[in-house]
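Please look over the sequence and the model before reading on.

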Amino acid sequence: MQTGVPFTPDSVAMALVIEGCRMPVNMRGSDEWPIAEILSIKYLEESNSRLFYVHYSDYNKRLDEWVTEERLDINRMTLPEKSRDKQKLGAAWAFDSALQTPTFESTQSSRASTPDKEVIAASRRSETSAYPSNAPSRKRKLLEMEEPDVAASTPGSSPPRASPPPPPGASPPPPHVPRQSGSMTTDRSHDDVVTRMKNFEFVEIGRWGVRPWYFSPYPQELTSLPVLYICEFCLKYVKSLKCLERHRCKCTLIHPPGNEIYRKGTISFFEIDGRKNKSYSQNLCLFAKLFLDHKTLYYDVEPFLFYVMTEFDNKGFHFVGYFSKEKESAEDYNVACILTLPQYQRKGYGKLLIDFSYLLSRKENKTGTPEKPLSDLGLLSYRSYWREAILEMLLNLKSENGEPPMVTINEICEFTSIRKDDVTSTLQHLNLIHHYKGSYCIVLSRDILTGYHRAMSKRKVRIDSKCLRWSAKDWSKRKW
C-alpha cells in the first residue's frame with residue numbers, strides 16, 4: 001500500500017507543468033521574475049522531485065538554466081496551445097497523483113546531449129539532427145497518452161504533421177545539403193529543443209573554470225559529466241582531471257600550432273590553416289560553439305584560416321580569443337566567427353581582435369566586413385570599433401587655409417578598410433551627416449567628442465602594425 005501525500009491545489013497545478021508551459025520564474029542572482037518557457041524537465045529519483053530547464057523570454061539564451069519548483073510562479077502559468085484541450089485530463093491525472101506517491105522510472109531527462117562520433121562525421125556531407133535517430137525519447141505517463149515530440153516543433157507553431165509514405169518505387173527526396181564552404185554557417189533550420197539547451201554545466205580550461213553559454217555537439221558520452229576538461233594548448237577534450245594530467249604529460253604544445261605572425265608585449269597572434277591543422281581547428285570550433293549561438297558548426301574547416309590571440313607567461317601562450325575567415329570570400333568577409341573567452345572579456349581584447357582583422361584587410365588592400373548575423377555582444381563591439389576608428393580618422397584630418405577638411409565616404413573606407421555600408425550606417429547611427437547649403441557635411445558635436453576621448457582613454461592595448469610579420473596570399477592560385 002502506497003503512502004498518501006497531502007492533496008493541495010498547488011500539487012495539482014505543479015503536476016500540470018509540462019514542457020512548453022510559460023510562467024514567471026525567479027532568475028538566478030536577482031529578485032526579478034521574468035516570463036520563461038519550460039524547455040525540459042529532469043526527474044530526480046533520489047529526492048522524488050523535478051528540475052525544470054527554462055528559457056527567459058526577451059533574454060539571451062546564455063541565461064537559460066535549471067530551476068527548482070520553488071522558483072516557479074505556477075499561479076500565473078500558461079499552458080501550451082496543444083495541451084489546453086487536455087487540461088481536464090491532466091487535472092484528473094494530477095488528482096490521482098496527489099493520492100499516491102509518484103514514482104519515476106529513472107533519472108533520465110530530456111537534457112541536451114550530443115551525437116555520436118559517426119553522426120558528427122556525417123554532418124560534413126549533409127545536415128543532420130543534433131541527435132542520432134535512435135536517441136532515447138522522453139518518457140511521460142499522462143493517462144498513457146502519447147504527446148507529439150516537442151523537439152520537432154518550435155514554440156508557437158502547430159505540431160508537425162507526419163509526412164505521407166512515398167509511392168512504391170519512388171526514390172527518397174535528396175537530403176538538404178548545407179553550405180560546404182566553411183566550418184560555421186548561419187543556417188538555423190535545424191534548431192530544436194535539443195540545440196536550444198546547454199549540454200554542459202561547467203568547462204575547465206587551464207586555470208579557468210567557465211560556465212558554457214550554449215549547446216555544442218561534443219560526443220554524447222561526455223554530456224553526463226559534471227565538468228568537461230580541455231587542454232588549453234591543443235584544445236583536446238577529455239572526461240576527467242586524471243585524463244587531462246596524462247594528456248599534458250604527452251602534449252608538447254605550449255602555443256597554438258601554426259605561424260606566429262604578431263607579437264607585442266605579452267600579446268601574440270597565430271595563423272592556423274584549417275587544412276594543415278585540421279584536428280586543432282575542429283577542436284577550436286567545438287569549443288567556440290559553447291559561447292557562440294548564431295553560428296552552426298560543421299567539420300569542413302579546410303577552407304578557413306584561424307587567427308588565435310594568446311597571452312604569454314612563463315607557462316606558455318594562453319588562449320584568449322580568436323577569429324576565423326574564409327581563404328576565398330566572394331562577399332569580402334574578413335571575419336566568419338569571432339570570440340573572446342568570457343574570462344578575458346571587458347579588457348579590450350574584443351576590439352583588439354577586430355582591429356587585427358582590419359589590419360589584415362589593409363594589408364590585402366581590401367575593405368572588409370564581418371559575416372552576419374552578429375551576436376548581441378559582437379554587434380556592440382563592432383559598432384563601438386567602427387565609431388572609434390571613423391572618429392579617429394576624421395580628427396586626424398588637417399585643414400587647409402583655415403577651411404574645414406574635405407573627405408569622402410570612399411576615402412574613409414580606404415583609410416579604415418571598413419566596408420562602405422558599415423561606414424554609412426555608423427555615421428547615420430551617430431547622426432553625424434547633415435545637409436547644409438546643397439551639400440553634405442559631417443558635424444562632430446561636443447558630446448560625440450567627449451564620448452570618443454573617454455572611450456579611447458580606456459583602450460590600454462592597441463594593435464601596432466609594425467609588429468605584424470605577414471604577407472597577403474592569393475588563395476585562388478594555391479591548393480588548400
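The questions and answers below concern a predicted model.

Q: How are the rings of Tyr344 and Tyr349 arranged, stacked, tilted or edge-to-face?
A: A pair of aromatic rings is described by the distance of the centres and the angle of the planes. For Tyr344 and Tyr349 the centres are 6.1 Å apart and the planes stand at 65 degrees. Since planes over 60 degrees apart count as edge-to-face, the arrangement of Tyr344 and Tyr349 is edge-to-face.

Q: Which class of pair do the rings of Tyr382 and Trp386 form?
A: Tyr382 and Trp386 both belong to helix 8, where they are four residues apart, about one turn of the helix, and both are buried. Their ring centres lie 5.5 Å apart with the planes at 55 degrees, so the pair is tilted.

Q: Is Asp300 buried or exposed?
A: Asp300 is found in the loop between strand 12 (296-297) and strand 13 (304-313). Its relative accessible area is 12%, and because a residue under 20% counts as buried, Asp300 is buried.

Q: Which residues have the most contacts inside the largest nonpolar core?
A: In soluble globular proteins, nonpolar side chains tend to be buried together. Here the largest nonpolar core has 78 residues, and apart from it lies another core of 20 residues, among them Met27 and Phe52. Inside the largest core, the residues with the most contacts are Phe269, Phe287, Tyr322 and Phe356.

Definitions and conventions
Residues numbered from 1 in each chain as written. Predicted model: local features only at pLDDT ≥ 70, side-chain atom pairs only at ≥ 80, totals over all residues. Heavy atoms only, no water. Core = buried A, V, L, I, M, F, W, Y, C linked by side-chain atoms within 4.5 Å. Buried < 20%, exposed > 50% of the residue type's maximum accessible area, 1.4 Å probe, protein only. Helix = DSSP H or I, 4+ residues; strand = E, 2+ residues; numbered from the N terminus. Phe/Tyr/Trp six-rings, centres within 6.5 Å; stacked < 30°, edge-to-face > 60°.
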